[in-house]
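Okay, thanks for making time, everyone. Let me put the thing up on the screen and then walk you through it.

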Amino acid sequence: MAEMQSPQSPGQSVNGELLLLWSLPVMGLLWALAFFTFPGFVQPMSPALTADQVAAFYRDPHNLPRIRYSMIVFNWFGVALIPVLALIAMQMRRMAHHTPILSYCFIGCIAGGPTLFSIATLYWLMAAFRPERSPELIQMFNDMAWVTFTSQVGFLVAQSVFLALAIQLDRQARPIFARWLAPFNLAIAAALVPAAFAALFMDGPFAWNGILSFWLKNLAIALWMVVMGCALGQAIHRQRRERAAAA
Amino acid sequence: MTAALARPVAAAAPATSRLGRIAWNWRHNPKLELWLAWYTILVFYNIFGIVFFVMTRSQPPPKAWWSLPRMVQWFADNEWGLLVGFGIIFAMGAFATASTALITYSIRRMSVSPAFAYTYLILYSLAAVPGMLLTCIALVVGAMRLDRDPALMGSLYDMGFIAFSGTMGIFLVGSVIWAVAILLDTNRIFPRWFGYFNICNALTEVVVATCVIEKSGPFAWDGIISFYVNMVVFGIYTGVFITLLRKMIEREDFTAGSPLSQHRRPHAI
C-alpha cells in the first residue's frame with residue numbers, strides 16, 4: 001500500500017473546478033426551461049387518463065414539438081449533474097474520515113440517478129416518435145416514462161444519506177460542510193421516499209402527478225441543488241484561499 | 001488540515017450499557033465507517049430477499065413458457081406485492097452501493113493496481129440499473145394496469161425476467177476482476193479459495209445465457225440450471241463474502257503506530 005500522490009498537493013492548480021461549479025446554475029436554467037416546455041409537467045399528466053386520452057396528448061400538434069424539444073434538452077443535459085456530484089465527492093475525500101468508504105458509496109450512486117432519468121426521456125421520445133401507433137402502446141411507453149422518472153429516487157436517497165453520514169463524521173474543528181447539512185440531507189432523502197410508491201395510486205398525493213410524488217419530490221431535488229451548490233461553492237473557495245495562503 | 005485530523009484514536013473504555021456502547025462506538029470507534037457499510041449490506045440483502053422471494057413472488061421466477069392469460073393472471077395474483085415490494089426497492093435499493101464500496105475498499109487494501117478497485121466500483125455502480133431496476137420497473141408497469149392488452153403484458157413480463165437473469169456481463173467481468181485481484185494479492189486481504197469461488201460465480205453468468213433463448217426446460221430462466229444452480233451458488237457466494245468482509249473489518253488495525261493509522265487522510269488508501 002504505497003503512499004499515493006495526494007490529488008490536492010499544494011501548488012497544484014485546481015483551475016477548472018470553478019468552471020464545473022458554475023455549470024450548475026447554467027444547467028439549472030436549462031432544466032427549468034425544459035421543465036416548463038414539456039406540456040406534461042406544468043400540469044402534470046394524470047395516470048388516470050385512458051389510453052385514448054394519452055394518445056391524444058401525443059397527437060396534439062401543439063404538444064408534439066414541445067415534448068420532443070424538451071426531452072432532447074433533458075437528454076442532453078440531465079447527466080450534467082454528474083460533474084457537480086463529482087465535485088462533492090472530491091470534497092468528501094478531504095473530510096476527516098478514517099477510510100474513503102463513504103466517498104466510494106457516494107461515487108457508486110452518482111451515475112444511477114442521471115442514467116435512469118436519461119432512460120425516462122427515451123421512453124417519452126419513443127411515445128412521441130410515432131404518435132399514430134396504437135393508443136395502448138403509446139400508453140405503455142408513457143407509463144414506462146412516468147414510472148421511471150417518478151419512482152427512481154433510490155440513488156438520490158442513498159447518496160443523500162451517505163453524504164449526511166459523511167458530514168456528520170467529518171470530525172474536525174472546521175468541517176468541510178456545515179454540520180446542519182447532515183440533517184438537511186436526511187430530510188431531503190425522506191422527502192423523496194413517497195415517490196417510490198407512485199405506481200400504487202391513480203390519483204391523490206402519492207400518484208405520479210400528486211403533491212408528494214411530483215411536487216414535493218421535484219422541489220426537494222431543486223432545493224438540494226441550490227443548497228448543496230452554495231455549500232460546495234463555499235468549500236471550494238475556502239480550499240482555494242487556504243492553498244493560496246500556504247503557497 | 002493535518003493538525004485537525006490528528007485526533008486521538010484511542011479513548012476511554014466503552015460504557016457497559018448497550019446504549020452506552022453504541023454511543024461510545026459512534027464517537028470513538030475508528031472502524032465506524034466500515035461497520036456502517038457492513039450493516040447496510042446486511043440490511044439490504046435481507047430486504048432484497050424478502051421483497052423478491054416473499055412479497056413479489058418474482059423469485060423463484062414464474063414460468064417462461066406460460067400463456068399470455070396465465071402471465072396476466074400472475075400480475076393479478078401479485079399486484080399489491082409487486083407495487084409495494086418494488087416500491088421498497090425503488091426507495092432503498094441503491095443502498096446496495098455500500099457493498100460495492102466495501103469491496104472496492106478491500107481491493108484498495110490489496111497489493112494490486114488501484115485500477116482493479118476502480119473497475120469494480122464502476123461496474124457494480126452500473127449493475128443495479130439493468131440487473132434489478134429495469135426488472136422492477138417493467139413488472140410495476142405491468143401490475144399498475146391489469147386491464148392492459150395481454151400481448152403488452154407479456155412483453156413487460158419477458159422484459160422483467162430477461163433483464164433480471166440476462167444482465168450477465170457486469171457480474172461476469174466484475175467477479176473475474178475481484179478474483180484476479182484476490183489471487184494476485186500478497187497482503188492476504190481475502191483467502192485464495194475465495195478467489196476461485198469468484199470464478200465459480202462468474203461461470204454461473206456464462207451458464208445462464210441460455211435463458212434469453214430457451215422458453216422451457218432446465219435452461220429457461222425458471223429452469224433447474226439457469227435458475228436453481230445459479231441461485232444456490234449466488235446465495236452461498238453472497239453469504240460467504242459478507243462473512244469475509246466482516247472478518248476483514250475485524251482484522252483492520254487503526255491503532256496508533258499501525259500502518260493504517262499513518263493514512264488517516266482518506267485519499268491515501
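Let's start where helix α6 (residues 101-110) of chain A packs against helix α6 (residues 97-108) of chain B, at an angle of about 130° and with the axes 8 Å apart. Helices here are DSSP runs of H or I with at least four residues, strands are runs of E with at least two, and both are numbered from the N terminus. The axes are lines fitted to C-alpha atoms, for helices over the stretch in contact, and angles run from 0 to 180 degrees between N-to-C directions. Under 35 degrees counts as roughly parallel, over 145 as roughly antiparallel, 65 to 115 as roughly perpendicular, and the rest as oblique; α6(A) and α6(B) are therefore oblique to each other.

Who makes that contact? On the α6(A) side you have A:Ile101, A:Tyr104, A:Cys105, A:Gly108 and A:Cys109, and the α6(B) residues include B:Thr97, B:Ala98 and B:Tyr105. "In contact" means C-beta atoms, placed from the backbone, within 7 Å.

Before I go on, the bookkeeping. This is a predicted model, where local features need pLDDT of at least 70, side-chain atom pairs count only at pLDDT 80 or more, and totals for chains, interfaces and linings use all residues. Residues are numbered from 1 along each chain as its sequence is written, and chains are lettered from A and ligands numbered from 1 in the order in which they are written.

Zooming out, the contact between the chains takes 45 residues from chain A and 46 residues from chain B. On the chain A side, α6, α7 (112-129), α8 (135-151) and α9 (154-168) each supply at least two residues.

Now α7, where A:Leu116 sits. Is A:Leu116 buried or exposed? Buried, because 24 other C-beta atoms lie within 10 Å; the cut-offs are 20 or more for buried, 12 or fewer for exposed, and partly exposed in between. Leaving aside neighbours within four places in sequence, A:Leu116 touches A:Thr148, A:Gln152, B:Val129 and B:Leu133.

Chain A as a whole has 11 helices and zero strands. Its C-alpha trace spans about 65 × 30 × 30 Å along the principal axes, and 45% of its 247 residues count as buried.

Last, confidence: pLDDT is the predictor's own, per residue, from 0 to 100. Chain A has a mean of 93, with 94% of its residues at 70 or more. Over residues 1-8, though, the pLDDT is below 50. Where pLDDT is low, the predicted coordinates should not be read in detail.

Methods: Contact = placed C-beta atoms within 7 Å.
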